[in-house]
Amino acid sequence: MRIGVIADLFKLPLHMSIRKAAELGADGVQIYALGKESNLLEMGGRQLEELKTCCEGEGLAISAVCGDIGGHGFQIASDNPERLETSRRIVDVTRRIGCDIVTTHIGVIPASKDNDIYKIMSSALRDLGSYASENGAVVAIETGPEPAKILKRFLDDTGSEGLGVNLDPANLVMVLDED
């Protein structure tokens, strides 16, 4: 089994967090796109290449980039154009540093397919999933806010190969008491 850590949890500048992860014997790191210690969207090509080289030099894979943009996810139609643009940029920067997985929270998926929020979220995620797929990436939706069967149905409804699941069993148990 390979072990990875979230770089931001060390509360150090990003390159120091990467070194700390290697010192602890991790195999990989997950980096926040919009982290407290760094913002990948503000980095230029040279900085991104240095980040990639730093991880490689420490023997670490970039296992995923957390593309969480906070708030309500993709539940409000008028906010989605900006949120989708930011998410596309996160997909682009993720690919640029040699990773193909973006993890994120999308907001709570309503149980009913007839719910307007369900339709808004489905449209937005279909768009984002298509973009991810076209660019060799997957946007992995974190489990926990809704039961697994609702998330599965949502993914089936979007029909996008660019969407997947970031399985967090602890969330399923803590939030939903679901095994």
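This is a predicted model: local features need pLDDT of at least 70, side-chain atom pairs count only at pLDDT 80 or more; totals for chains, interfaces and linings use all residues.

Among contacts in the chain between residues at least 6 apart in sequence, 74% join residues at least 24 apart; a contact here means heavy atoms within 4.5 Å. Residues are numbered from 1 along each chain as its sequence is written, and side-chain values use heavy atoms, with hydrogens and water left out.

The chain contains six helices and six strands, and from the N terminus on they run β-α-β-α-β-α-β-α-β-α-β-α. Helices (H or I, at least four residues) and strands (E, at least two) are DSSP runs, numbered from the N terminus. The radius of gyration of the chain is 16 Å, close to the 16 Å that the globule rule gives for 179 residues, so the chain is as compact as a globular protein of that length. That radius is taken over C-alpha atoms, and the rule is 2.2 Å times the number of residues to the power 0.38. Of the 179 residues, 43% count as buried, that is, under 20% relative accessible area with a 1.4 Å probe, protein chains only.

On a 1 Å grid over the protein atoms alone, a cavity is a set of points where a 1.4 Å probe fits but cannot get out, and a pocket is an open set with protein on both sides within 12 Å along at least five of seven lines; lining residues have an atom within 4 Å of a point. A volume is the space filled by probe spheres set on the points, which are joined across faces, edges and corners.

How many cavities of 30 Å³ or more does the structure hold? There is one, and the largest cavity has a volume of about 60 Å³. Its lining includes Phe74, Ser87, Ile90, Val91 and His105. Two or more lining residues come from each of α3 (80-96) and β4 (101-104), and α3 gives the largest share, three residues. By class, this lining has seven nonpolar, four polar and no charged residues.

The largest pocket holds about 170 Å³ of space. Among the residues that line this pocket are Asp8, Lys11, Tyr32, Lys36 and Glu37. Its lining divides into four nonpolar, one polar and four charged residues. In these classes, Ala, Val, Leu, Ile, Met, Phe, Trp, Tyr, Cys and Pro count as nonpolar, Asp, Glu, Lys and Arg as charged, and the others, Gly among them, as polar.

How values were computed:
Buried means under 20% relative accessible area, exposed over 50%, partly exposed in between (1.4 Å probe, protein chains only).
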